[in-house]
Amino acid sequence: MPSARPYDVPFARRGSTLDDQELAAVTEVLRSDHPLSAGPWRTRFEAEFRAYTGTRHALSVTSGTVALEIALGLLDLEPGDEVVVTPQTFQATIQPLLDRDVRVRFCDVDPVSLNVDPGSLASVITARTRAVILVHYGGWPAEMASILRIAREHGALVVEDCAHALGAELDGRHPGGLADIACWSFHTSKNITTLGEGGMLTTDRDDWAERIDRLRNNRVDADFTAVAPPPGIEPALLAHMPYAEYVYRGTCDRHRRAGTNATLSDAAAAVGSVQLRKLDGFVARRRAICARLDEVAGALPDVPIRLQRPRAGVGHAQHLYTCFVPGGQERRRELVEALDRRGVEVQLRYFPLHLVPEWQARGHRRGECPVAERVWFEEHLNLPAHPGLSDAQVDRLTEAFADSLTEVYRSRPAAARAPQVARTR
Ligand SMILES: *Cc1c(COP(=O)(O)O)cnc(C)c1O
């Protein structure tokens, strides 16, 4: 549904960034004599994605959410197992855990990157922790070297939610191959899209790739003991039987998980290939917009706004532009209202997940992640930064940001403008 108010600078793209190149790719698929599913375009898109992430396997699926559900299924969690997760993400990152009898521990985040903080991880991880599930928030890669070291010391697997991270770099590498498995989203709002919806799993593990391929293709995830010859049918008829290799796999003691159909269509995959070629341009545009916003704030030295300034070696993909407004809830509200009046759509992403009703019902409470809570309830906001913005919209955005900061902070005595000492509520 279109939002109630037409902003001059909307947070998300209106329409799409698809052009004649994607149109030509879809036309090629539709005019070909290949079936429209599991064909050569999907194979090609997956090969390109493997090359991009440097992983042994890339398996496409219908969404990032389905990728996460499948990935969590591979962890073979048992009742009583613990899983450490970030609270600062979209609900799809951790939602499948609601269906499992496991203990979830929320790990607090770094107050600037909003990524899992290695120090907090060290304090919540235990010998019972089977997995750590993190997100590269907004496209800023988490500190994977420290996180992996801590996880490995405790025998825990690490899942990367890379929904924001396409185009990001960490010390010369791309996210998505930095841990055990990674999940990607090609939803229309993400850094590239495959016709509005789509996702991918990347991993180096051959056994997991095989299980993913079964799960996404209506096969059951189980181990089979071969029985030969296949019983109950004349071998000459097997060639006429679709799925013979499925029915006559042998015997199975117990299945791990039921499969589903999560096949990304070839038309969508063909669009993905075109979009992947455009990725560098999209990310460059995002970075240019964010650099201008940082410049605006930096030019007002007595305005105590906090910016995201990654260390050297971190290439921020700028899926989100995030900044922090010290001074408590009131100051942030004033800034959001000032931007809103000037036609800029501000969003606050994401509400700390341990405090949504379904996780509170599992015993999670305020106080569990003081940094995530303070930042979300008092300080942080997200401004539009998508490549769908025209130059005129970017001018409008940066002017509105400068004017709003000036309005909110210049009308205040100097004492009120001084940066506040970090408080935990
Ligand atoms: C978008 C998103 C997802 C879900 O991806 P879909 O393709 O929309 O299902 C998961 N995690 C994060 C962090 C996201 O932003």
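1. In this predicted model, the contact between helices H1 and H8 is formed on the H1 side by Gln 21, Glu 22, Ala 25, Val 26 and Val 29, which meet Asp 266, Ala 267, Ala 270, Val 271, Val 274, Gln 275 and Lys 278 of H8. Sorted by class, the residues of this contact comprise 7 nonpolar, 2 polar and 3 charged.

2. As to the geometry of that pair, H1 spans residues 20-31 and H8 spans residues 266-298, and the two pack at an angle of about 150 degrees with their axes 9 Å apart. Because angles over 145 degrees count as roughly antiparallel, H1 and H8 are to be described as roughly antiparallel to each other. The crossing in which H1 passes H8 is right-handed.

3. A further helix pair consists of H3 (residues 64-74) and H6 (residues 206-215), whose axes come within 10 Å and cross at roughly 130 degrees, an angle that makes H3 oblique to H6. The crossing of H3 and H6 is right-handed. On the H3 side the contact is made by Ile 70, Gly 73 and Leu 74, and on the H6 side by Trp 208, Arg 211, Ile 212 and Leu 215. By class, this contact of H3 with H6 has 5 nonpolar residues, 1 polar residue and 1 charged residue.

4. The structure as a whole holds 0 disulfides.

5. Are Cys 107 and Cys 183 buried or exposed? Cys 107 has a relative accessible area of 0% and is buried, and Cys 183, with a relative accessible area of 1%, is buried as well.

6. Ala 12 deserves a separate entry; this residue is placed in the segment before H1 and, at 37% relative accessibility, counts as partly exposed. The C-alpha atom of Ala 12 is separated by 6.6 Å from that of Ser 189, although the two residues are 177 residues apart along the chain. When residues up to four places away in sequence are not counted, Ala 12 touches Glu 345 and His 386.

How values were computed. Residues numbered from 1 in each chain as written. Predicted model: local features only at pLDDT ≥ 70, side-chain atom pairs only at ≥ 80, totals over all residues. Heavy atoms only, no water. Disulfide = S-S within 2.5 Å. Buried < 20%, exposed > 50% of the residue type's maximum accessible area, 1.4 Å probe, protein only. Axes fitted to C-alpha atoms, helices over the stretch in contact; angles between N-to-C directions. Helix = DSSP H or I, 4+ residues; strand = E, 2+ residues; numbered from the N terminus. Parallel < 35°, antiparallel > 145°, perpendicular 65-115°, else oblique. Left-handed = near helix turned anticlockwise from the far one by under 90°. Contact = heavy atoms within 4.5 Å. Nonpolar A, V, L, I, M, F, W, Y, C, P; charged D, E, K, R; others polar.
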